[in-house]
Amino acid sequence: MKVAFYSNFLNHHQLQLCLALHQLTDGQFTFVATDNLGNVQDMHISVMVHSNSSTIEELTGVSLYSPRSTKNDAFSFRLMQSISSKEVGGVDIYVVDAEEGSESLSGTWASGTGLRFCKANNFNYASASEQSVTVVYANSVTNPTVSELSIDDIILVGDDKEAYAVIRIANIYDAEGVEDDRYDISIKSIKTISTEDIPAIDEQ
């Protein structure tokens, strides 16, 4: 007997059902992730559960400012801190600029290093572990940008092979002017990036 499970992404609630179905069907189980744009990723999964799976340390107090301000509008996983999007190499996440003439935040992030995003608001951020981040990211539809950002959004980040981190938006400040407009975020990272992981920049 073969079983297919369709959902917009895999979270910690669904994971237990998936593991049970995987066992009952002797591995003949496929999880299919779809999003509202019709993108589909299906994966025949086999998950090994470790009882000592520990939670991840959290980096708090990170702010990504408007690119029209004079403050840092990007983040580097290599440095594990906010940086300017104008820096060469290592700009893993940056705030996309709003339309010309607008003083509001665009509500969109992108990556300068080819990372991908998945908004997963049902993900249990408080209890995030390396296993849960890895499994949910692997079974989610990811995109090169993430938009319509709101307070308390949970966003998984990774490349085309593996997860890097989970991010929670703690606050969004978008008032008159641009200098203090920002996203205040917390990050739980499961991957350490070295300088060798950063794509080389061709000199002009």
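Modeller: A residue is called buried when its relative accessible area is under 20%. In this predicted model, tryptophan 109 has a relative accessible area of 0%, so it is buried.

Colleague: How many aromatic pairs are there?

Modeller: Two rings pair if their centres lie within 6.5 Å. By this rule there are three aromatic pairs. In one of them, phenylalanine 77 and tyrosine 164, the ring centres are 6.0 Å apart and the planes stand at 80°, so the pair is edge-to-face.

Colleague: Where in the chain do phenylalanine 77 and tyrosine 164 lie?

Modeller: Phenylalanine 77 is in the loop between strand 5 (74-76) and strand 6 (81-83), while tyrosine 164 belongs to strand 12 (residues 163-173). The pair links distant parts of the chain, 87 residues apart. Phenylalanine 77 is buried, because its relative accessibility is 2%. Tyrosine 164, at 8%, is buried as well.

Colleague: What geometry do tryptophan 109 and tyrosine 183 show as an aromatic pair?

Modeller: Tryptophan 109 and tyrosine 183 are edge-to-face, with 5.5 Å from centre to centre and 85° between the planes. Tryptophan 109 lies in strand 8 (residues 109-110) and tyrosine 183 in strand 13 (residues 182-189), so distant parts of the chain, 74 residues apart, are linked. Tyrosine 183 has a relative accessible area of 1% and is therefore buried.

Colleague: Which residues form one aromatic cluster?

Modeller: The cluster is formed by Phe75, Phe77 and Tyr164.

Colleague: Which charged residue lies over the face of tyrosine 173?

Modeller: Arginine 182 does, at 5.0 Å from the ring centre. Likewise, lysine 188 lies over the face of tyrosine 125, at 4.6 Å from the ring centre.

Colleague: How many salt bridges does a search of the whole structure find?

Modeller: A salt bridge requires a side-chain nitrogen of Lys or Arg within 4 Å of a carboxyl oxygen of Asp or Glu. The search finds six. One of them joins the side chains of arginine 68 and aspartate 97, at 2.7 Å from N to O. Arginine 68 has a relative accessible area of 33% and is partly exposed; aspartate 97, at 40%, is partly exposed too.

Colleague: Are aspartate 184 and arginine 182 buried or exposed?

Modeller: Both residues are buried. They form a salt bridge whose closest N and O atoms are 3.1 Å apart.

Colleague: What joins aspartate 153 and lysine 119?

Modeller: Their side chains meet in a salt bridge, at 3.5 Å from N to O. Aspartate 153 lies in the loop between strand 10 (145-146) and strand 11 (154-158) and lysine 119 in strand 9 (residues 116-119), so the bridge ties together parts 34 residues apart in sequence. Aspartate 153 is buried at 5% relative accessibility, whereas lysine 119 is partly exposed at 29%.

Definitions and conventions:
Residues numbered from 1 in each chain as written. Predicted model: local features only at pLDDT ≥ 70, side-chain atom pairs only at ≥ 80, totals over all residues. Heavy atoms only, no water. Phe/Tyr/Trp six-rings, centres within 6.5 Å; stacked < 30°, edge-to-face > 60°. Helix = DSSP H or I, 4+ residues; strand = E, 2+ residues; numbered from the N terminus. Buried < 20%, exposed > 50% of the residue type's maximum accessible area, 1.4 Å probe, protein only. Lys NZ or Arg CZ within 6 Å of the ring centre and 35° of its normal.
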